[in-house]
Amino acid sequence: MLIGIKNIIKMINKIKDLKLAVIGLGYVGLPLALEFSKKKAVIGFDIDKNRINELKSGLDKNLEFNKEELQKAKQLHFTNNIEDLKLANCFIVTVPTPIDKFKKPDLKPIFLASEIISKLLKKKDLIIYESTVYPGCIEEECVPILEKFSNLSFNKDFFCGYSPERVNPGDKQHTISNIKKITSGSTPEATNLVDNLYKSIIRAGTHKAPSIKVAEAAKVIENTQRDLNIALINELSILFNKLNIDTQAVLDAAESKWNFLPFKPGLVGGHCIGVDPYYLTHKAESIGYEAKIILAGRELNDKMGEYVASQLVFAMKKKNIEIKNSRILIMGLTFKENCADIRNSGVKILFDSLKKLNCIIDLYDPWVNDDDIKRVYDINPIQTLTKNTYDGLLIAVAHDEFKTLGENTIKNLCKKISVIYDLKNLFKSDKIDLRL
């Protein structure tokens with residue numbers, strides 16, 4: 001019994017001795033750094049100087065945290081100075097892992113983070129990755145970078161862990177401390193240290209994976225599974241539309257069974273669901289395996305923007321509305337409701353499809369920074385909604401603000417002869433013209 005107590009005390013001391021640095025202060029890194037700062041001093045590092053200056057002033061352009069929450073974090077030091085990282089002995093990497101234009105993994109951010117850390121690495125340091133990757137990436141790709149620039153040996157001089165992020169942007173209920181966390185390490189001792197570190201902030205508890213590869217695989221299939229389920233519902237929506245059956249009515253009926261999974265049709269995007277399956281299929285291709293079902297689901301979801309555009313155009317033509325120079329309003333540009341994240345939003349493909357038809361398109365999203373909209377769409381967003389203006393209107397995202405407006409206000413934005421397409425089923429079917 002005494003030996004057990006001594007071991008517990010020893011482990012707690014190790015956690016107390018960890019000096020944390022969170023690398024990357026986006027949707028994943030910032031909430032993690034803030035949560036850890038409630039327990040101990042944390043260095044919050046990002047290469048984007050503007051991001052650091054904004055956070056220091058109390059501004060989070062992602063709208064996840066307000067000024068009071070940021071300024072209350074007295075133990076969190078924001079910096080873009082690499083020299084400040086020398087004070088840390090535990091580095092947590094939370095940089096994005098996007099895909100390139102060929103839909104292949106773009107690992108440059110995680111490679112750069114690994115290189116920055118490697119040049120500061122000391123013996124006994126711990127590097128924990130949270131970025132989503134394919135199975136084997138950390139040990140096969142990142143560790144060699146850490147060894148190359150540090151001249152230290154993996155699992156002898158330094159150790160690694162992997163605890164994949166499960167942040168849900170815009171969700172104030174499922175916050176970081178309320179979501180169970182997968183943990184893993186490169187040795188049993190590292191695994192225990194990583195697990196105990198996260199247990200100190202995760203009220204929902206942790207799940208210790210037997211290896212880093214298992215943890216990597218578990219993360220990447222979470223969103224692949226969701227992607228495939230949504231692809232199935234999207235395909236059913238297309239089918240039911242051809243059969244003149246209301247998809248939502250079908251889903252409402254099917255959901256009366258206890259084990260029916262309540263997925264909804266729609267545009268699929270974001271930094272996870274629209275990206276992670278490509279990481280898994282990339283790894284599959286590297287070993288000579290073609291992941292047919294995963295790729296089929298991805299292809300279908302990627303084409304939903306074009307499908308929605310074609311449905312809108314068809315409905316407008318049925319009402320004898322001239323498509324060229326028609327005025328269309330797209331309400332909502334983010335990849336999901338009540339968040340400011342427009343990364344890989346499915347709305348972009350929808351927008352591009354309508355733009356090719358020479359439509360005049362207005363964009364409106366109260367959640368998104370105007371500069372971000374201008375950068376992605378090359379159009380200045382509108383600031384106010386004007387009555388009797390639009391030939392076509394698309395509700396693409398279920399922001400609470402749009403629900404509050406109500407169906408009558410939205411209908412009044414349109415001309416007498418027009419088409420309203422409610423992609424998110426915010427309103428009753430008899431109040432709009434189309435829905436998925």
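Which residue is the bridge partner of R327 in β10? The partner is I360. The views below come from a predicted model in which local features need pLDDT of at least 70, side-chain atom pairs count only at pLDDT 80 or more, and totals for chains, interfaces and linings use all residues. Residues are numbered from 1 along each chain as its sequence is written, and side-chain values use heavy atoms, with hydrogens and water left out.

**View A. A parallel open sheet of five strands, ordered β10-β9-β11-β12-β13.** Strands are DSSP runs of E with at least two residues, and helices are runs of H or I with at least four, numbered from the N terminus; two strands pair if DSSP finds at least two bridges between them. β10 (360-364) and β13 (434-435) are the edge strands, each pairing on one side only. Strand β9 (residues 327-331) runs parallel to β10 and is joined to it by five bridges.

View B. A polar atom of its side chain lies 3.0 Å from the backbone oxygen of E165.

**View C. The aromatic pair of F351 and Y377.** Rings of Phe, Tyr and Trp (its six-membered ring) pair if their centres lie within 6.5 Å; planes under 30 degrees apart count as stacked, over 60 as edge-to-face and the rest as tilted. Here the centres are 5.0 Å apart and the planes at 85°, so the pair is edge-to-face. F351 belongs to helix α13 (residues 347-355) and Y377 to helix α14 (residues 370-377).

Note on methods
Polar contact = N/O pair within 3.5 Å; in protein donor to acceptor, adjacent residues only side chain to side chain.
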